[in-house]
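Here is a short briefing on a predicted protein model with a ligand. Please view the chain alongside the notes.

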Amino acid sequence: MRLLVAPDYTALSEAAAELVLNALHAKPNLTLGLPTGETPIGMYNALVRRYRAEHLDFSQVRTFNLDEYLGVGLAHPNSYHSYMRERFFDHVNIPMVNQHIPDGSPGIDAAVECEKYESAIRDNGGIDLLIAGIGANGHIAFNEPGSPLDSRTRAVDLSPETIANAGRSFHDKSAVPRRAITMGVASILEARRILLLASGAHKADAVRRALDGPVAESAPASALQLHPRVIVLVDEAARGA
Ligand code: GLP
C-alpha cells in the first residue's frame with residue numbers, strides 16, 4: 001500500500017480529486033466505485049469545481065456506489081441516493097443510466113438486489129478505481145468488524161457505533177436504519193485500483209490497523225493489504241503520531 005499524507009483536509013480533498021481526474025484523463029470511460037460519508041465531501045466539491053472550470057467530460061464515466069441504507073427510500077433526504085445527487089450527480093454530466101447505487105427501499109428483496117448489483121458490476125467489466133472511506137471502528141463501506149474477507153455484496157446489520165454515527169444526520173432518531181446493503185470485502189478487492197481516504201484524529205487508530213496491523217476480519221480495512229494497487233491518502237491528523 002502506498003501512503004500519501006496531506007497536510008490537512010483541504011489538501012487531501014484536492015489530492016483525491018487530482019487522482020480521480022488523472023484516471024479519467026487516462027481512460028475517459030472510467031468506472032468508479034464511490035463512497036459517501038463526510039470524508040469525500042471535499043473531494044466531490046473539488047471535482048465539481050474543476051469540472052466547471054476545466055470543462056471536463058464525465059459523459060462516459062460509470063459509477064457504482066459502495067453501499068446504501070436498507071429500509072430507506074431513494075428520495076429520503078438521508079439516503080445515499082440523495083447524498084450522491086446533491087454532492088455530485090446533479091452537478092456533472094454522468095448519464096443517469098451510468099449511475100449505480102444499491103436500492104435499499106422499504107420492501108425491496110435485498111438478496112435479489114445484491115445479486116443484481118454484483119452482476120451489474122461484472123457485466124460492466126469491473127471497477128477501475130474504487131474510492132473508500134474508513135469507519136473509526138475499521139469498517140470499509142458497511143463491512144463491519146467480523147465481516148468475512150470473502151464476503152460479497154449483501155445485506156448487513158450495522159454496529160451500534162455506526163448507527164450512532166448515522167444518527168447524527170437523521171432528524172428523526174427512530175428512523176435511523178439498522179441495516180444496509182454493502183459491497184463485500186471481496187467485491188471491493190476486485191477493483192483494479194483502490195483509494196482509501198481518511199481525515200481526522202478519530203480515524204488514526206483505524207488507519208494504523210489498516211496499514212500496519214495483521215489482516216483480520218476484526219479490522220476489515222486491513223484486507224486492503226491483500227491488494228496490489230492501493231493508495232491510502234490521509235491527512236496528518238489521521239496519520240497520527
Ligand atoms: C459510513 C459509510 C462508509 C464510510 C464511513 C466513514 O458508515 N457507509 O462508506 O466510509 O461511514 O464515514 P465518514 O467519512 O463520515 O467518517
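S3 and strand S5 (residues 99–100) run parallel and are joined by two bridges. Strands here are DSSP E runs of at least two residues, and helices are H or I runs of at least four, both numbered from the N terminus. Two strands count as paired if DSSP finds at least two bridges between them. Thr63 has Gln99 as its bridge partner in S5.

The model is predicted: local features need pLDDT of at least 70, side-chain atom pairs count only at pLDDT 80 or more, and totals for chains, interfaces and linings use all residues. Residues are numbered from 1 along each chain as its sequence is written, and side-chain values use heavy atoms, with hydrogens and water left out.

**The seven-stranded sheet**

- The open sheet has seven strands in the order S1-S10-S9-S6-S2-S3-S5, and the pairing is parallel.
- Strand S1 (2–6) and S5 are the edge strands, and each pairs on one side only.
- Strand S2 (residues 31–34) runs parallel to strand S3 (residues 62–65), with four bridges joining them.
- Leu32 stands opposite Thr63 in S3, and Gly33 has Phe64 as its bridge partner in S3.
- S2, helix H2 (residues 41–53) and S3 form a right-handed β-α-β unit. Right-handed means that, with the strands pointing away from the viewer, the path from the first strand over the helix to the second runs clockwise.

**Strand S9 and its partners**

- Strand S9 (residues 193–198) is mostly covered, with five of its six residues buried. Buried means under 20% relative accessible area, exposed means over 50%, and partly exposed lies in between (1.4 Å probe, protein chains only).
- Strand S6 (residues 129–132) pairs with S9 in the parallel sense over four bridges. Leu129 stands opposite Arg193 in S9.
- Strand S10 (residues 230–235) also pairs with S9 in the parallel sense, over five bridges. Ala198 has Val234 as its bridge partner in S10.
- From S9, the chain crosses through helix H7 (residues 204–212) to S10, and this β-α-β crossover is right-handed.

**The three-stranded sheet**

- Another open sheet has three strands in the order S4-S8-S7, with antiparallel pairing.
- Strand S4 (67–69) and strand S7 (154–157) stand at its edges with a single partner strand each, so one side of each has no neighbour in the sheet.
- The twist averages 30 degrees from one strand to the next. Axes are lines fitted to C-alpha atoms, for helices over the stretch in contact, and angles run from 0 to 180 degrees between N-to-C directions.
- S7 and strand S8 (residues 179–182) run antiparallel, joined by four bridges. Ala155 has Ile181 as its bridge partner in S8.

**The ligand site**

- Residues around the ligand include Gly37, Thr39, Asp67, Tyr80, Gly133, Ile134 and Thr162. A residue is near a molecule if one of its heavy atoms lies within 4 Å of it.
- A polar backbone atom of Glu38 is 2.7 Å from an oxygen atom of the ligand. A polar contact is a pair of N or O atoms within 3.5 Å; within protein, one must be able to donate a hydrogen and the other to accept it, and residues adjacent in sequence count only if both atoms are side-chain atoms.
- His139 has a polar side-chain atom 3.1 Å from an oxygen atom of the ligand.
- Lys203 has a side-chain N or O atom 2.6 Å from an oxygen atom of the ligand.
- The protein covers 86% of the 390 Å² of accessible area that the ligand has on its own. Accessible areas come from the Shrake-Rupley method with a 1.4 Å probe; for residues, only the protein chains shown count as cover.
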